[in-house]
Every structure is written in structure tokens, then in C-alpha cells.
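Please open the model in your viewer and keep a selection panel ready.

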Amino acid sequence: MLSLDRVSKSYRVGTFGGKELLAVKNVSFDIQPGEVVSLIGESGSGKTTVGKMVLKLLDITRGRITFDGADVSMVKGSAVKDYYRQVQGVFQDPFSSYNPIFKADRVFSMIKSEYFPSVPNSEWSDKVEASLRSVTLDPAGVLNKYPHQLSGGQLQRLLVARALLLDIKYLVADEIISMLDASTRIDVLNMLADLKGRGLGILFITHDLSLGNYISERTVILRKGVVVEMGATDKVFGTPTHPYTRALVASVPQLHKKWEDIEAELAPVDTGTCPFHEAYPLAGRSAVPAPDEPTLVKVEDDHYVGCFELDSEKVKLVA
Amino acid sequence: MSLQVTDLRVYYRTLAGDVKALDGATFSIADKEIMGLAGESGCGKSTLGNSLIRLDGRMRYIGGSVNLDGADMPIWDKDAMVDFRFREVSVVPQYAMSAMNPTRKIGKMIGELVESRGIKYAEIKPELERRIDLVGLGRDVLGQYPMELSGGMKQRMVMVISTLLDPSLLVADEITSALDVSTQRAVAETLVSFRDHGFVKSMMVITHDVSILYQIADSILIMYAGKLAEKASTATIINEPRHPYTQMLISTLPEVGVRYKEKKLTGIPGSPPSLLKPPTGCRFRARCPLAFAKCVEEPPFVTVDTDHQVACWKATGTDA
């Protein structure tokens, strides 16, 4: 199990790093094997920062990320390699993930020289082909090609195949399909869902609610570094309770429902200005938590919401 | 009839030969119509939009005509187009983030822009301020530099500037794709309000996101590999598309409410053909589940119903 426990990250900004910007604040959730958790937020919500912390690309300011009970930030030296054998990431832009000078399948030989130097070449190429098939790619069509000869969807699947060559248990997928075309996008999504069936845990980071809803078991909604709502996907999308989640769901363009109709369904809860997010003078800037920061409250089984308005009657009706 | 495009062809010059990005487009946009233009990347949708504004050095005009409000636009002549650009036909570019001059305050930049068209800034300023209020920006943006605005604000500012002279046609190229969902909606609704206020007569909204078009467009034109595939009213394209490509494209879109567990969506197998040497006949043939012998001939873009044109032998009922 990959588990985040009150994880925070602050960046130093301004001249001489004099100011502190709190990008992620007290985020806690778990990913079980064979489960897709989608982390949804708008730009600047800190969703990529969370992914990078899981991948040890960023230090954690406060809190703990544990992987099967072991603290990830304590993993050092040769153990790092062992961690990456089990946890891997794939990122947004497939075109800049590759070195254009080398053939795309170089990513596989780099895995071999780094992790499996003793495996004979013939056995290795069988392994590569099996891995390519599991991401629904035809080995003959993609091996021995340069990145510019392959489509974005193929490149992105090659990166997942590369991760699968290691015995990964968890995959951090950061906006991996937002650069792809509608016709190939769904293939990559289905591939992720198939991998989930084989016991892989996936942290699916996206800004697109409909993609998160399609694939994930559990959903975490992040706003300005704070989790505002989380829980089972059908509950978060079925009865969105936090005003922010409701606003998000109402602005997703849908195919068979006009915006006006969705709005009528999700009658906006008039909460005025949120005392925590908008008016609190140090919100988002201070390392000191707001005095009365809303905490996540359980509204039903596997559905948590962090909002003061939960006490009011209006929201209770919805929940 | 506001815009009438007839058999327009624009190719890209490359060392390997001509890339036939737009290979014969015939369609029209009526007054007050917002037409959505959708398709995969590389299908020629941006080429079509750009060719109505300005042909850059790599683009080569091959043939066809563009008629706007009864006047032929000389789109092959960059200099003659100056009279049309901004006044008659205007564009909101994809990257509004970098569309404004970063070294000028926004008000000053607009002043230089309108004066290049022989209009005094002081005369247009009241209208400009009214429109800034309308899109929900403060009037003080005129005294600010573009870097002081957020992405959504810049996008709305560029929309105000582009439509300042009330052009007849506005081309909006992927203007919502770089934005967050809530900003996306605000920008899309601003487009509709511009049409309703009469700032622009008709609009061409280019995007790969069909669900945005369902929200705001009156009609949708689907392109595939440099050719027009289907054009019809929004409801018809979404609910009863005739072209197999449109049908497959619509069915690949995940919606809120559709879950992998309950309903597995499938993509379109294969990839679009290279436009350097496009296949003869129907260009969708290789990926089409309905393809048959007749498809080696090129299907014409014909009217099958009121305001509904399709380029497919099956859809037109021509079974061989």
C-alpha cells in the first residue's frame, strides 16, 4: 500500500527565497494495489507536486509517504533503485520525454543496463515484446523507430511498457493523456484500466473530470493544495458536496447535457465567500495553518468533505 | 450567406513535397451561426482557419475561393488581405498568453493597433471600456502589462481586442484547450455572448473537444485528413451522425457518468494517413469498419438531408 500521511510541500519564492509558498497542505490518502486513485485539480492546485513527491523527485516538507510501511523519504543510496523498481512515473508530454537523437526503444536498453545487466539478450527481447503486447502495441511497428516516427499515443504507451519491464507495483500517471487525440486517448485509458486488473496501483493525475470518473475507483479533489473532497468515485461524482466540486462538475462540458441543465440539477449552494480559502489573509502563504481550517468530515461511507458549510442545512440535504 | 468557401486547397511546402493539409473544402456559414470545426490533430482544421486570416510562408494557396458577405477575399495575397483582416475577418489565436505585446501596456497596444487602421483611440475607447466591463474585467487592465493578467483574463482581453471593429467573421482557434474547466466555460460563454451582442456576425470555433462544441455551436463540421467528412447541426452530429468517422469519434468520448466498469469505450484503430502522399479514394478507408469496394473512389461531399452534408458512400446510400 502506498500511503500519504498529512503531506505538505512548501516552495521558497521571491528574492533570496524570502517567502514561503505552500503548494500542498496536509494531503492524506492511500492507494491500494489494483486500484486507480484519480487526483483532480485545476492548474496550480498542487496535483503534480504530489505526484513528484511520491516519485521522490521532490523532498517532502512535512508529513510522510510510506510504501508498504517504509518511509519513502528515508530511502537512500542503493535502496532508491529498489524503490524505482516498484514505483514509476509517466508524464504529460510524450514528445519531450524522449531524446530525439536516439531511437525510442533506447528507453528499454537503458532499463536493461541499469537493472538487469545479467539477463541474456534473447531473453530480454522476449520480455520487451511481452511488455509491448501488454500495452497493446505491435512490437514490429514500434521497435527500431525514432520518436518522430511514432504517434503520441504510441510513445506514451512505450513509456508505460518501459515501466512494466520493472516489477512495478505503483504507477504515477501525470496527465498522460491530455496531449493525445480523442481517438487514441481512450485506448491509453483502457490500457491503464487493464493494468489495474492485474494488480497495479495507479495514481492518475488529471484536470479532466470525465477521464478521472471513467477509470478510477477513488477520487481526490484538490484545490489550492488542500483536499476539499475525497472518496469513492461514484459518491464524489454522484453527490458532489463541496461547493468547489459542485462548481467543477457543473463546468465540465458534456455531450448530451447543456450547461444550463446541469446547473439546474446542481443548484449552486450559495456559501458566500469561503472563510478559509478566500478571506483568511494568510491562506496559501503561511506555513502556520489557518486557525479554523476546515477538516475533512465523513458525510457517508467512503466520502469525505472539507467545508464549514457542512454544518449548515443546505449541504446536509445534498449529502 | 455570410461566408462561402468553395473548393479551397492549401498545401504546405516541404523538402519532401507538398503536404496536402487542406484538400478541397466547400462549405458555408450563415449569419449568426457559430460553426464548430473539429477533428484529430493534423486533420487540417487549423490550416483552414489560418488560411482565412493569413497564409504564412510555408503555406501555398492552390485553388478555390472564399467569399465573405458577397466580396471575394484575396486570401492568396498577404497585402491585399490587410483591408479585410481585423475589420472583416478576425482571429483569436490559440496562445492568447503570448498574443499581446509584452513591452506595452494593454491600452497603448490597442491604441497603436486601431490607429494602424486609421481609427482614433479616443473615439473607440468608450466602446472598448464597455466591452471590457461586459467580459468581467476591470477597466484598469488598460493600464496594465499582459504579464499582470492570468491566462483566462488574457484570453478574454484578446477576444475583446479581436472583435473591437465588429468583424463579420471570427475564427477562434483552440481557445479553450489550455484553460481549466471553470475558465473554459467562462470563455466559451463569452464567445456566445459576443455573437448575441452582435459584435461578430458569425464564428468558426476550431477545437478538438467536441463536448465544448455541443455546448456553444449551432453546427459542427468534422474534418478528416485534409477533407471535410460531415457537416450538420450540432444535435444531428452528436445524436445521429452519418459518417462512420464521426460516429466513432463521438463514441470515444468519455463523459461524466460513463465508467470503465460499466461501459468500456473503444478508440479508433489505426492512425490518420500521411498527407504527403494521401491515399486515393476515401481517406478514412483504412480505418473504417464499413469500407467496401466503392471506397477506392473518392466520395463527394453531398447533401443528404436539410443542412446535412456527408462525404461517405455508405451514408449516401450508394451501395455498389
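Domain bounds here come from an automatic or database domain assignment. The model itself is predicted.

**Domains of chain B.** Select residues 95-166 of chain B, which make up domain 2. Then select 3-88, 171-182 and 201-310 together, the three segments of domain 1 of chain B. How many Å separate the centres of domain 1 and domain 2 of chain B? Taken over C-alpha atoms, the separation is 30 Å. Where these domains of chain B touch, domain 1 contributes five residues and domain 2 six residues. On the domain 1 side of that contact in chain B, four residues are nonpolar and one is charged, with no polar residues.

**Between the chains.** Next, show chain A and chain B together. The contact uses 29 residues of chain B and 29 residues of chain A. On the chain B side, select α5 (181-196) and α6 (210-216), each of which supplies at least two of the residues that touch chain A. By class, this side of chain B holds twelve nonpolar, ten polar and seven charged residues.

**Helix α10 of chain A.** Move to residues 243-251 of chain A, helix α10, where seven of nine residues are buried. To see them, pick P243(A), Y244(A), T245(A), R246(A), L248(A), V249(A) and S251(A). What covers these buried residues of α10(A)? From chain A, the cover includes α8 (209-215), β9 (218-223), β10 (226-232) and α9 (233-238). Chain B also takes part in covering α10(A), through its α5.

Note on methods
Residues numbered from 1 in each chain as written. Chains lettered and ligands numbered in written order. Predicted model: local features only at pLDDT ≥ 70, side-chain atom pairs only at ≥ 80, totals over all residues. Contact = placed C-beta atoms within 7 Å. Nonpolar A, V, L, I, M, F, W, Y, C, P; charged D, E, K, R; others polar. Helix = DSSP H or I, 4+ residues; strand = E, 2+ residues; numbered from the N terminus. Buried ≥ 20, exposed ≤ 12 C-beta atoms within 10 Å, placed from the backbone.
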